[in-house]
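Subject: Structure handover

Hello,

Here is the structure I promised to pass on. Please open it first, then read my notes below.

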Amino acid sequence: MSVDPMTYEAQFFGFTPQTCTLRIYIAFQDYLFEVMQAVEQVILKKLDGIRDCAISRVQIRKCTEKFLCFMKERFDNLFGKMEQLFLQLILRIPPNVLLPEDKSQETHSYSEEEFHLLQKEIEQLQEKYKTELCTKQALLAELEEQKTVETKLKQTLSLFDELENVGRDHGASDFREGLVFLIQNSRKLHSIIENVEKEGKQLKIS
């Protein structure tokens, strides 16, 4: 069997030429074996009709096997020559012939150096794409963080608006006065709580 992979031929046929010749070889061998079996059966039937025949069935089998080996050797020699003809003249695509799907190579042919440059450019583009993808992920994460900060800021502004409204309800003219008012009231409330706690402790002691 040929060791040439013949990949271009396999692309066209859908199978390797070596696979084709191997199947032909196996089919011929199977057919030869079946023929020899049929011949042997015919000879044995003929011998059964001959009285006092000195030839036994074992001798017939040995002769059949010997003839089969002889035919197989002859067939192998002939098939080797036939295989060369098949692979070189019948199942081989000439080097100057392009398959329809490869016709673009006639107008867009590249040298080995150009091919390596294209590969390098592709690798650079892939690296650039990965970098941009990482940058995009970082920007999305930052955007989510900004949304969280914006939500907290809106809550804080809403709290300030409520404080300002409370201050206005109690006569404060602006936010600063309202905040001072709330601080003073908070201190008063804190003092009241401390006094209540002290009186509670004194009552427990008494």
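Tyr25 and Phe79 are both buried. That is where I started. Please keep in mind throughout that this is a predicted model.

**The aromatic rings**

A search of the whole structure turns up six aromatic pairs. In one of them, the ring centres of Tyr25 and Phe79 are 5.0 Å apart and the planes meet at 55°, so this pair is tilted. Tyr25 belongs to helix H2, while Phe79 sits in helix H3, which covers residues 57–90; the pair therefore ties together parts that are 54 residues apart in sequence.

Phe79 has another partner. With Phe75 it makes an aromatic pair, again described as tilted, at 5.6 Å centre to centre and 40° between the planes. Both of these Phe residues lie in helix H3. They are four residues apart, about one turn of the helix. An α-helix has 3.6 residues a turn, so residues three or four places apart point the same way.

How buried are Phe75 and Phe79? Phe75 has a relative accessible area of 15%. For Phe79 the value is 5%. Both figures fall under the 20% cut-off, so both residues count as buried.

Ring pairs join Tyr25, Phe28, Phe75 and Phe79 into a cluster.

**The chain as a whole**

The chain has six helices and zero strands. Along the sequence the pattern reads α-α-α-α-α-α. There are 206 residues, and 12% of them count as buried. The accessible surface is about 17600 Å². Carbon and sulfur atoms account for 59% of that surface. Now take the contacts between residues at least 6 apart in sequence: 59% of these join residues at least 24 apart.

Helix H2 runs over residues 17–48. At 1.5 Å a residue, its 32 residues should span 46 Å. The end C-alpha atoms are 47 Å apart, which agrees.

Which residues of H2 are buried? They are Pro17, Gln18, Thr21, Tyr25, Leu32, Met36, Glu40, Leu44 and Leu47. These buried residues pack against helix H1 (7–13) and against H3.

On H3, the buried residues are Ile60, Thr64, Phe75, Phe79, Glu83 and Leu87. They pack against H2.

Gln29 is found in helix H2. Its relative accessible area is 25%, which makes it partly exposed. Beyond its neighbours within four places in sequence, Gln29 is in contact with Lys72, Phe75 and Asp76. Gln29 and Lys72 are 43 residues apart along the chain, yet their C-alpha atoms are separated by 7.6 Å.

**Salt bridges**

Side chains of opposite charge can pair when their charged atoms come close. How many salt bridges does the structure hold? The structure holds two.

One joins the side chains of Arg61 and Glu40, at 2.6 Å from N to O. Arg61 is in helix H3 and Glu40 is in helix H2, so this pair ties together parts that are 21 residues apart in sequence. Are the two partners buried or exposed? Glu40 is buried, with a relative accessible area of 5%. Arg61 is partly exposed, at 42% relative accessibility.

The side chains of Lys72 and Asp76 also meet in a salt bridge, at 3.3 Å from N to O. Lys72 and Asp76 are four residues apart in helix H3, so about one helical turn separates them. Lys72 is partly exposed, at 35% relative accessibility. Asp76 is partly exposed as well, at 28%. Lys72 and Asp76 are also among the residues that Gln29 contacts.

**A surface patch**

Last item. Tyr31, Val35, Val39 and Ile43 make a nonpolar surface patch of about 330 Å². Val39 lies in helix H2. At 37% relative accessibility, Val39 counts as partly exposed.

**Where to look**

Then go to the salt bridge of Arg61 and Glu40. Finish with the nonpolar patch that includes Val39.

Best wishes

Notes:
Residues numbered from 1 in each chain as written. Predicted model: local features only at pLDDT ≥ 70, side-chain atom pairs only at ≥ 80, totals over all residues. Heavy atoms only, no water. Patch = residues over 30% accessible without salt bridge, like charges linked within 9 Å, V, L, I, M, F, W, Y side chains within 5 Å. Areas by Shrake-Rupley, 256 points an atom, 1.4 Å probe, with all protein chains shown as cover. Salt bridge = Lys/Arg side-chain N within 4 Å of Asp/Glu carboxyl O. Helix = DSSP H or I, 4+ residues; strand = E, 2+ residues; numbered from the N terminus. Buried < 20%, exposed > 50% of the residue type's maximum accessible area, 1.4 Å probe, protein only. Phe/Tyr/Trp six-rings, centres within 6.5 Å; stacked < 30°, edge-to-face > 60°. Contact = heavy atoms within 4.5 Å. Expected span 1.5 Å × (residues − 1).
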